[in-house]
Amino acid sequence: NATNQLGAMNIAGPLSRVVLARCTDLNLSREEFPFLNVREATVAGVRAIIVRVGFVGELGYEIHVPAGETCRVWSALLEAGADEDIQLFGVEAQRLLRLEKGHLIVAQDTDGLTTPFEAGLAWAVNLGKPFFVGQRSLEILKRKPLARTLVGFTLPRTFSDPLPKECHLVIENGEIGGRVTSVAHSFTLGHVIGIAYVSPTNSEPGSPIAIRVDDGKLVHGTVVKTPFYDPDNERQELDPTTGEAKR
């Protein structure tokens, strides 16, 4: 496990390709470095692993360097982006941006009893491998009907009461149908968005969802398809000169 030997940072936004290019000789064009690809190169003279991913939903690069060189690379990126007024963003901003994109946080939107099939992560599990820990259990679970499934939901734009909280219960026909795992007001979209577990029979977009809040009242919303924002991932391919999506 080399985790503690590496420092990591993310540079994101429509100008991230332009700024990062000032610190590396790596070809960052979308043709040579497509979305979800990995490259090894140097950044600010430091050997690095660069991953073309965007947990926040924007064009972005995750950069991993030897831990002792983290501050050096961080400072170089800030200097390189000074003319573009580069800004720092923290975990709370990231949590909202990832929610707008419907990205899960493991151990928040999942727990120790969650299966990949419930969380919509079956695409990440290759049951055809010769062996991996948990494989037999997942093969058994795959044959069973789902007890719950993770969906996106929205509340009406007119909603002005206190937000439902994470772990507030979803009520279906007077019974517990699931729970809220993430919820926030999206400044970009102008209304409340969230992720929750519901019964499979109540998981189709357009289905009503009722959440029981602290005072016992039910807050009513609608199940929707995720991601909430930029569903076609056009923000991953913005033209840095025009700020418009490339078609």
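1. Buried means under 20% relative accessible area, with exposed over 50% and partly exposed in between (1.4 Å probe, protein chains only). Helices (H or I, at least four residues) and strands (E, at least two) are DSSP runs numbered from the N terminus.

2. This is a predicted model, in which local features need pLDDT of at least 70 and side-chain atom pairs count only at pLDDT 80 or more, while totals for chains, interfaces and linings use all residues. Residues are numbered from 1 along each chain as its sequence is written, and side-chain values use heavy atoms, leaving out hydrogens and water.

3. In helix α3 (residues 91-100), the buried residues are R98, L99 and E100. Their cover includes β7 (175-186) and β8 (191-198), where contact means heavy atoms within 4.5 Å.

4. The largest pocket holds about 820 Å³ of space. A pocket is an open set of points on a 1 Å grid over the protein atoms alone, where a 1.4 Å probe fits, with protein on both sides within 12 Å along at least five of seven lines; lining residues have an atom within 4 Å of a point. Of its 31 lining residues, K101, G102, H103, L104 and W123 lie nearest the centre of the largest pocket. β5 (149-154) and β10 (218-224) each give two or more residues to this lining, and β5 gives the most, with 4.

5. The second largest pocket has about 540 Å³ of space. Its lining has 22 residues, with N10, A12, I86, Q87 and F89 closest to the centre. Two or more residues come from each of β1 (6-12), α1 (16-21), α2 (70-80) and α3; β1 gives the most, with 4.

Conventions:
Points joined across faces, edges and corners; volume = space filled by probe spheres on them.
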